[in-house]
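Please look at the sequence and the structure shown here before reading on.

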6 protein chains.
Amino acid sequence: MKRAVYPGTFDPITNGHIDVLEKASKVFDEVILAVASFTGKNPIFSLEERVDLCRKSLIHLPKVRVMEFDGLVVNFARKIGALVMIRGLRAVSDFEYELSQALMNKKLCEELDTVFFVPHNKYLYVSSTMVRQVVELGGNMHDMIPECVEAALKERMKSLAEYK
Amino acid sequence: MKRAVYPGTFDPITNGHIDVLEKASKVFDEVILAVASFTGKNPIFSLEERVDLCRKSLIHLPKVRVMEFDGLVVNFARKIGALVMIRGLRAVSDFEYELSQALMNKKLCEELDTVFFVPHNKYLYVSSTMVRQVVELGGNMHDMIPECVEAALKERMKSLAEYK
Amino acid sequence: MKRAVYPGTFDPITNGHIDVLEKASKVFDEVILAVASFTGKNPIFSLEERVDLCRKSLIHLPKVRVMEFDGLVVNFARKIGALVMIRGLRAVSDFEYELSQALMNKKLCEELDTVFFVPHNKYLYVSSTMVRQVVELGGNMHDMIPECVEAALKERMKSLAEYK
Amino acid sequence: MKRAVYPGTFDPITNGHIDVLEKASKVFDEVILAVASFTGKNPIFSLEERVDLCRKSLIHLPKVRVMEFDGLVVNFARKIGALVMIRGLRAVSDFEYELSQALMNKKLCEELDTVFFVPHNKYLYVSSTMVRQVVELGGNMHDMIPECVEAALKERMKSLAEYK
Amino acid sequence: MKRAVYPGTFDPITNGHIDVLEKASKVFDEVILAVASFTGKNPIFSLEERVDLCRKSLIHLPKVRVMEFDGLVVNFARKIGALVMIRGLRAVSDFEYELSQALMNKKLCEELDTVFFVPHNKYLYVSSTMVRQVVELGGNMHDMIPECVEAALKERMKSLAEYK
Amino acid sequence: MKRAVYPGTFDPITNGHIDVLEKASKVFDEVILAVASFTGKNPIFSLEERVDLCRKSLIHLPKVRVMEFDGLVVNFARKIGALVMIRGLRAVSDFEYELSQALMNKKLCEELDTVFFVPHNKYLYVSSTMVRQVVELGGNMHDMIPECVEAALKERMKSLAEYK
């Protein structure tokens, strides 16, 4: 059984991520979407919320399973028996970061390779950060994120605004 | 059966290509290394020689099959029933070219995705062009190319030198 | 009447920005320099101060009008009837970010295009961030920023130092 | 009257070029599409053919005028009284080349600035080179080039094939 | 006497930095490793700790002297009579930042040039940030950092974990 | 004695190259400018002419010696006892190519490192290729190349034009 792991913070999951998962589903027997508990900055959504939004957005992809992890991604990948790690590539700046991560992970875990997918043209400029900013400023991202994510983001922005 | 196609001119095949094929062999049931008859410039080796050197260099990879093709790679991929196309990524300049090719191929053939692998650290700077140049100038590339390729390159350079 | 909008945080305005505005003034009938109230991080100068420094620095450009805005820049651009958005391009890293922003803004507002200017050679490496750092460390930036900005920055650094 | 010049070899003109011209038409009173007689390599189409295909493809844009030029583009721009030069930007590699050209042209002609437009998302990966290659290999580019260009390219490829 | 200065935050020093220093030692008579007191963010290690770890890691390089500095690096370089500044280059994103810094420093101090070294292949993807992250997540970096740095990092992570 | 080698085709030498040599002269006891006999394409100037133009342009730099070489540059560097190789860095595309060359040369000759210099701001966009193109099209490059190079280029262009 060929299993791949697709790690990230998914804060929140976007249609770009889902597009990568659809492509990966054709290649692998199982794809574990691995939501990192550690994000390195203050996430908009808690780990539970991020996992929950991923699950709701991926019901149509039976080969994809959502899990959470902490610690090094290579250790998690080893534990679940993943053959490769999956990453999306959108831009040159992505590429440099991803290349150094791939080389570092290869060093930390000799048997784990990284495989890159390119999302559909229309998602090339979509990132979780950009989605958060646009919605925070009152913009509409409904082509770029699943419905449940859009609802959750608007809810979150409303309660953040009330606190100020 | 999950079949991938890895197209290129392979003029000549390098250890960087072979490293990508070893990684791809773990993911796919069959990998077709597809040698392009059309190279867009004067190749050092004829189509037959390029195919032959690939075959000799890949005996240890039973899942890899070497074929030649002409015309558009997406048409060839469709004909042989390939699920995805494989490409290696070494550098930012590679990445930009490969990204535009991947988007163009996706446009020419909606169902064909491109999957990228990163070769091992020690092959990151190896290209067929650099190999040809170094050997032409008398350098030794034996860590970077299969033995049969090194022998063929030296032979070729010798006969080119005699013609001058 | 052809109106363009040049949005940013301008924390503070530099000679690079002013050079872009001088070029844009030749092309458009009116250029709105739009100072963002939301900066995404702690600005050195308040919105009022940033607007004030822009106004003082642009007295010689009668076609340029300084305004503040909040929310999405595309909404502001629509409200004031801007034909295009203006951005400066200095480096590859700029370019990637600006390209994704331009594509996103095009998506959010179909009729709004982005037009890029390249500042003069001598300003290619100047950014607001670099200006703040150099002045903070005691350096002299007088060729790179308007006089009023230099005075304000030194004043601000002095009061920040007293707080420590 | 605000006149811009959009120079290139246009071998052949693509929908990406036309998209840039449509955007520029909104900003300028007149846009001169300037077809270079000197291409630095063997063009597929002669100067007359390239000019002719541009004219046929741009009938719907009354503000655009097609002219040919030889020598330095800055001299041509000066002669026709162009305020700025227009260029399209698609990718990082484009950007670096265009930046150095813009700086060089600024040096050769102090009063001439370069203004960059980004073509629509769907044309980001289209170049004249890629169009020629795909059609040469038998592919279909009808979304990416005007009808008259597609017909001319197929005609040309047929006669090239007969020569071989 | 040819003296070079190699400035940075060194939070912490890595084998990549040491590799650059070994190369620089062959070229210059003395290399001052200059540890910045100001880091622009919260460092993991205090200035004293960073200096101490550098000294312990560089005992085998008699031409290298570790000093601390505050303020602009060009002022420090001038004070100690440095001929040039040294920087390591690993990736394209590094390069753009370093190029703008080099141009800015040249502007701030006309007589000070910057000289770039490329670390060994196996250190190309190592940065202080990545080292901190991997150790924080429980990973092993012993090929990438000196022993004393590894011990100090583990100690620090342990006490940070206890605070939580 | 610290000797460096600065290899290239120098077809022709530009003020950007000379700026790099002036910087390198401050660091090294001797700098060998090594003109490659093999250029990989048709050079404008013969090897003798290129060497001659370099010599005439570098009379003011007594530490620089002009030599020609063929074969691998690492073999030449070893033969003349060079400590390091010098290269100029202007742009990201330069950087990627130079990085792969530096890594390859390090592999071919373990003891030879590459050291990079950044030319002055005003030469950042100057390349031999651009110089040839501008002069060929009738432009004036007198700030960018030595006088003797400008005269030789104009002479060459005149005789090329007569042949047509």
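## Polar contacts between chains D and C

Between chain D and chain C, seven residue pairs are in polar contact, both residues of each pair being at pLDDT 80 or more. Helix H1 (15–27), helix H4 (92–108) and strand S5 (113–117) of chain D each supply at least two residues of the side of chain D that touches chain C, and the largest share of that side, six residues, comes from H4(D). When the residues on this side of chain D are sorted by class, 16 are nonpolar, two are polar and 10 are charged.

The structure is a predicted model, and the contacts described here should be read with that in mind. Six salt bridges are counted between chain D and chain C; one of them links D:Asp113 with C:Lys23, where the closest N and O atoms are 3.5 Å apart.

## Extent of the interface

The size of an interface is often given as the accessible area that is lost when the parts come together. For chain D and chain C, the buried area is about 2400 Å², and carbon and sulfur atoms give 68% of it. In terms of residues, 28 from chain D are in contact with 28 from chain C.

## Strands that meet across the two chains

Strands of a sheet pair through backbone hydrogen bonds, and they may do so in either a parallel or an antiparallel manner. Strand S5 (residues 113–117) of chain C is joined to S5(D) by three bridges, and these two strands run antiparallel. Within this pairing, C:Val115 stands opposite D:Phe117 in S5(D).

## The sheet of chains E and F

Which strands form the open sheet, and in what order do they follow one another? The sheet has 10 strands in the order S3(E)-S2(E)-S1(E)-S4(E)-S5(E)-S5(F)-S4(F)-S1(F)-S2(F)-S3(F), with mixed pairing. At its edges lie strand S3 (64–69) of chain E and strand S3 (64–69) of chain F, each of which pairs on one side only, and from one strand to the next the twist averages 30°.

On the chain E side, strand S2 (residues 30–36) of chain E pairs with S3(E) in the parallel sense over six bridges, and E:Ile32 has E:Arg65 in S3(E) as its bridge partner. Helix H2 (residues 47–57) of chain E packs on the sheet, where it touches S2 and S3 of chain E, and the direction of this helix makes about 155° with that of S2(E).

Methods:
Residues are numbered from 1 along each chain as its sequence is written. Chains are lettered from A and ligands numbered from 1 in the order in which they are written. This is a predicted model: local features need pLDDT of at least 70, side-chain atom pairs count only at pLDDT 80 or more; totals for chains, interfaces and linings use all residues. Side-chain values use heavy atoms; hydrogens and water are left out. Contact means heavy atoms within 4.5 Å. Buried area is the accessible area (1.4 Å probe) that two parts lose on being put together, summed over both. A salt bridge is a side-chain nitrogen of Lys or Arg within 4 Å of a carboxyl oxygen of Asp or Glu. A polar contact is a pair of N or O atoms within 3.5 Å; within protein, one must be able to donate a hydrogen and the other to accept it, and residues adjacent in sequence count only if both atoms are side-chain atoms. Helices (H or I, at least four residues) and strands (E, at least two) are DSSP runs, numbered from the N terminus. Ala, Val, Leu, Ile, Met, Phe, Trp, Tyr, Cys and Pro count as nonpolar, Asp, Glu, Lys and Arg as charged, and the others, Gly among them, as polar. Two strands pair if DSSP finds at least two bridges between them. Axes are lines fitted to C-alpha atoms, for helices over the stretch in contact, and angles run from 0 to 180 degrees between N-to-C directions.
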